[in-house]
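Hi everyone, thanks for making time for this. I'd like to walk you through a structure that may be new to you, so please have it open as we go.

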Amino acid sequence: MLRIVDVTSETTDDLRCAVPRADFDVDAAMAAVIPVCSAVRDRGVEALREYSEKFDHVVPEHLRVPVEALATAAANLDGTLRRAFSESIRRRRHVCQEAEVEASSQPVEVAGGARVSQRIVPVGRVGLYVPGGFAPLASSVIMNVVPAQEAGVSSIAVASPPQAEFGGLPHPSILALCHLLGVNEVYAVGGAQAIAMFAYGVEGSDEADSCPRVDMVTGPGNIYVVAAKRCLRGTVGIDSEAGPTEIAILADETADPRHIAADLMSQAEHDTLAAAVLVTDSTTLAEAVQRELAPMVSATLHSERIRTSLTSKQSAIVMVRDIDQGLEVVNAYAAEHLEIQTADAAAVAARVWNAGAIFVGPWAPVSLGDYSAGSTHVLPTAGAACHSSGLSVRSFMRAVHVIDYTEDALLELADSVEAFALAENLPGHANAITVRRSR
C-alpha cells in the first residue's frame, strides 16, 4: 500500500526532499477567500449569514450560541465522554501550569542606575477556531482554550461551523467542552468568514449577533481557513498557517508492525492529504507493516480516505542504512508528529531536533497526544517544525521590555548614543539625547 523510497545511498543534502509533501496551495485559495474576508469587513452580519447558508447550508438563529445551549450540551454528555473530557482538560492544564508558564524576569542592571527588565503580558482577547468538517474536533477546544486561560487571556471567544443536524448550532461536544471550560462566548460561524469576523469584528442589532474584534486568532482549519489567516495577518495576530497533518515514525526491527500500521493509519484518517511516513532500516519490519495495513484499512470506517492518503505521494516507507541515517531523514523532514519506536528509544529521541512533538517508545502513540497526554496537538506542519513551535501558554503571551534609566545613567552613555545616531544619519535621534543634557 505504501510506496518504498530507498535513500540508503543518498547523502545528507538530498534527504530533505526524500518524501515530497502533499500539494497545499494556499495562494490559489486566496482568490476565493479575499472576497469573503472583504464582504465580512464591509457588510458584517449580513455577509456572515449569506456565507453560512452557502457553505454550511444552515443559518443559525443568532451568530452567538446561547449560554443555555452550552449548559444543555454539557448536561447531556455521556458519562464516559464527560470523564474523558475532564481528564484531558486536567492533564493539559497541569502541563501548562508546570512546564509552559514563563515568569517575568528580574531587572538587569546594565550600569549604575540603568535597568532593563522584561515583563510577560498576555494577549488581551483571542478568537479560537474549532473545525467541524470531516470530524468535529472537540479536542481542539481544549488545546486552544486551556493554554490561553493559563496565559491569563482575559477575553476568549470560540467559533465553530453551524451544523444543520443540530439546528444551526456547532456540534454538541464542542459546546459541552466550552461550558466545562467556562467559555460562554461561542459563535456558530465557520470557515474563512469566522477568521474575518474575529479580525474585523461585527456589530449586529444586539449582542447575540455581534462579535468584538480580537487581537489574535488560533486553531486549525482547512485550506480556506489557512488562506484567511494569511490574508488577514497583520490585521490580526495568528498562530500559524497549518497544513495537512503528518506523522513520521522512526523504527527498527524491535518495533511491533501492528502498532506501526495502526499509528500510520490513525493520522491518514484525518484527510486525503495527510502524510504517513515510516523511516526504517529493517526490510522485515517494512514488509510486516505493509501486510498489517491492508486488512486494517479495509476494516475501518474511513477506509477510502485513508487509502487515498497512504497511496499518495506524501506517504511512503523510507528505507535507510541505519538509525543514524534515519535520524538525518527525520530531522530533515521535520514532521508535525514524530514517533520513535526503536531500541533505546529515549536516547534516539534525544538526538531529534526538528519535530513538532516527539512520541517516545511503543506506549506513546500520536493518538494519545491528540487527546489526553497533556501535550498540545496544535503543531507546526509542512516542515515548519525546524523553526516554529506548537501552540502553548507562551503563544498567548508577549514580552515587553521596560527601560528605566536615571539621569546620570543616560548622561554617562550620551556621547555613545549620539555618535551612533549620527553614524546612521539620524540627527533627530541624536537630538533626543542632546536636549536632555543642554540645560
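Let's start on the inside. Helix 12 gives three residues to the lining of the largest cavity, and that is the largest share of this lining. One thing to keep in mind throughout is that this is a predicted model.

So what else surrounds that space? If you want to trace it by element, strand 10, at 275–280, and helix 12, at 323–333, are the elements that give two or more residues each. As for volume, the largest cavity has about 50 Å³.

How many cavities of 30 Å³ or more does the structure hold? There are two. The second largest cavity contains about 30 Å³ of space. Around it you will find Leu48, Ser52, Asp56, Leu63, Pro162, Ala188, Val189, Gly190 and Gln193. Here helix 2, residues 45–56, supplies the largest share of the lining, with three residues. By class, this lining divides into five nonpolar residues, three polar and one charged.

The protein chain has 16 helices and 14 strands. Its C-alpha trace spans about 85 × 60 × 40 Å along the principal axes. Of the 439 residues in the chain, 49% are buried.

In general, side chains of opposite charge can pair when their charged atoms come close. Glu241 belongs to a network of salt bridges together with Asp27 and Arg230. How many salt bridges are there in the model? The count comes to 20.

Let me show you three more of these pairs. In one, Glu150 forms a salt bridge with Arg93, and their closest N and O atoms are 2.8 Å apart. Glu150 sits in helix 5, residues 139–151, and Arg93 in helix 4, residues 79–100, so this pair ties together parts that are 57 residues apart in sequence.

In another, the side chains of Arg43 and Glu50 meet in a salt bridge at 3.1 Å, N to O.

The last pair is Asp215 and Arg213, whose side chains meet at 3.9 Å, N to O. The cut-off for a salt bridge is within 4 Å, so this pair is counted. Asp215 has a relative accessible area of 38%, which makes it partly exposed, and Arg213 is partly exposed at 40%.

Take Leu413 as an example: you will find it in helix 15. Leu413 is partly exposed, with a relative accessible area of 37%. Membership in a patch takes over 30% relative accessible area, so Leu413 passes that cut-off.

One last stop, and that is His387. Where does it sit? His387 is in the loop between helix 14 (366–371) and strand 14. At 63% relative accessibility, His387 counts as exposed, because the cut-off for that word is over 50%. His387 and Ala334 are 53 residues apart in sequence, and in space they are 9.4 Å apart, C-alpha to C-alpha.

That's the tour, and I'm happy to go back to any part of it.

Notes: Residues are numbered from 1 along each chain as its sequence is written. This is a predicted model: local features need pLDDT of at least 70, side-chain atom pairs count only at pLDDT 80 or more; totals for chains, interfaces and linings use all residues. Side-chain values use heavy atoms; hydrogens and water are left out. Helices (H or I, at least four residues) and strands (E, at least two) are DSSP runs, numbered from the N terminus. Buried means under 20% relative accessible area, exposed over 50%, partly exposed in between (1.4 Å probe, protein chains only). On a 1 Å grid over the protein atoms alone, a cavity is a set of points where a 1.4 Å probe fits but cannot get out, and a pocket is an open set with protein on both sides within 12 Å along at least five of seven lines; lining residues have an atom within 4 Å of a point. Grid points are joined across faces, edges and corners, and a volume is the space filled by probe spheres set on the points. Ala, Val, Leu, Ile, Met, Phe, Trp, Tyr, Cys and Pro count as nonpolar, Asp, Glu, Lys and Arg as charged, and the others, Gly among them, as polar.
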